[in-house]
Amino acid sequence: MSRTPFRQTSLAYIGLGSNLEQPRQQVASALDELDALPLSRVSSASRLYSSRPVGPQDQPDFVNAVAALETQLSPLALLDQLQALEQRHRRRRERHWGPRTLDLDVLLFNTTPVDHPRLQVPHPYMHERAFVLRPLLEIAPHLSLQGLPLEQWLAKLSDKVAPLA
Ligand code: ROI
């Protein structure tokens, strides 16, 4: 007799960003594709936000969003899936902190920290990026990072991030 292995469901928060090749569509279709990943479903997603680039300013504005993903994948198996999804969007990255067609980041994975050469969770820069915190706050208003509520992290930042009409 064979049994289906029991797998625990985890809650991961995924940051999405794009500023090339119809960024709205890139992010909107990536949300659908996240929902279709194996052993995973999107349980909530923020609106799409427009944000000025963090890093080099000579690039288009970004579209950003955050999704909550219920998944039975491990953190590294999830990373593999996200990287494959980026590749299906023919991800281009011309330079460090430059424009990209689709960027998917694991922001949080349960409350479990991950420290691996390929993956660090919580995402090491998330608390200093309004384009991550603003959409995350929309779907997870009660979350704290390092003991401080998201809203208070966001209040420290001046970057403009606005929901798309
Ligand atoms: N800036 C914004 N506003 N949004 C992003 O998703 C984003 N992603 C990046 C860098 C280049 C750091 N800047 C960004 O990777």
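## Accessibility and the basis of the model

A residue is called buried when its relative accessible area is under 20%, exposed when over 50%, and partly exposed in between, with a 1.4 Å probe and protein chains only. By that scale Tyr 125 is partly exposed, with a relative accessible area of 38%.

The model is predicted, so local features need pLDDT of at least 70 and side-chain atom pairs count only at pLDDT 80 or more, whereas totals for chains, interfaces and linings use all residues. Residues are numbered from 1 along each chain as its sequence is written, and side-chain values use heavy atoms, with hydrogens and water left out.

## Overall architecture

The chain holds four helices and ten strands, where helices (H or I, at least four residues) and strands (E, at least two) are DSSP runs numbered from the N terminus. Along the sequence these elements follow the pattern β-α-β-β-β-α-β-β-β-α-β-β-α-β. The radius of gyration, taken over C-alpha atoms, is 16 Å, close to the 15 Å that the globule rule (2.2 Å times the number of residues to the power 0.38) gives for 165 residues, so the chain is as compact as a globular protein of that length.

Taken along the principal axes, the C-alpha atoms fill a box of roughly 60 × 40 × 35 Å. Of the 165 residues, 44% count as buried.

Ala 36, in the loop between α1 (23-35) and β2 (40-45), is by contrast exposed, with a relative accessible area of 62%. Ala 36 and Leu 136 stand 100 residues apart in sequence and 21 Å apart in space, C-alpha to C-alpha.

The rings of Trp 97 and Tyr 125 have centres 6.5 Å apart and planes at 90°, so the pair is edge-to-face. It links distant parts of the chain, 28 residues apart, since Trp 97 sits in the loop between α2 (75-88) and β5, and Tyr 125 in the loop between β7 (119-121) and α3 (130-139). Trp 97 is partly exposed, at a relative accessible area of 36%.

Arg 100 also has its place in the loop between α2 and β5, but Arg 100 is buried, with a relative accessible area of 8%. Its side chain is joined to that of Asp 103 by a polar contact of 2.8 Å; such a contact is a pair of N or O atoms within 3.5 Å, where, within protein, one must be able to donate a hydrogen and the other to accept it, and residues adjacent in sequence count only if both atoms are side-chain atoms.

## The second largest pocket

The lining of the second largest pocket comprises 13 residues, of which Leu 108, Asn 110, Thr 111, Leu 143 and Ser 144 lie nearest its centre. Strands β1 (10-18), β5 (103-109) and β8 (144-145) each supply at least two lining residues.

Ser 10, in strand β1, counts as buried at 10% relative accessibility. A polar contact of 3.2 Å joins the side chains of Ser 10 and Asn 110, and Asn 110 is one of the residues nearest the centre of this pocket.

Definitions and conventions
1 Å grid on protein atoms, 1.4 Å probe; cavity = no way out; pocket = protein on both sides within 12 Å on 5 of 7 lines; lining within 4 Å. Phe/Tyr/Trp six-rings, centres within 6.5 Å; stacked < 30°, edge-to-face > 60°.
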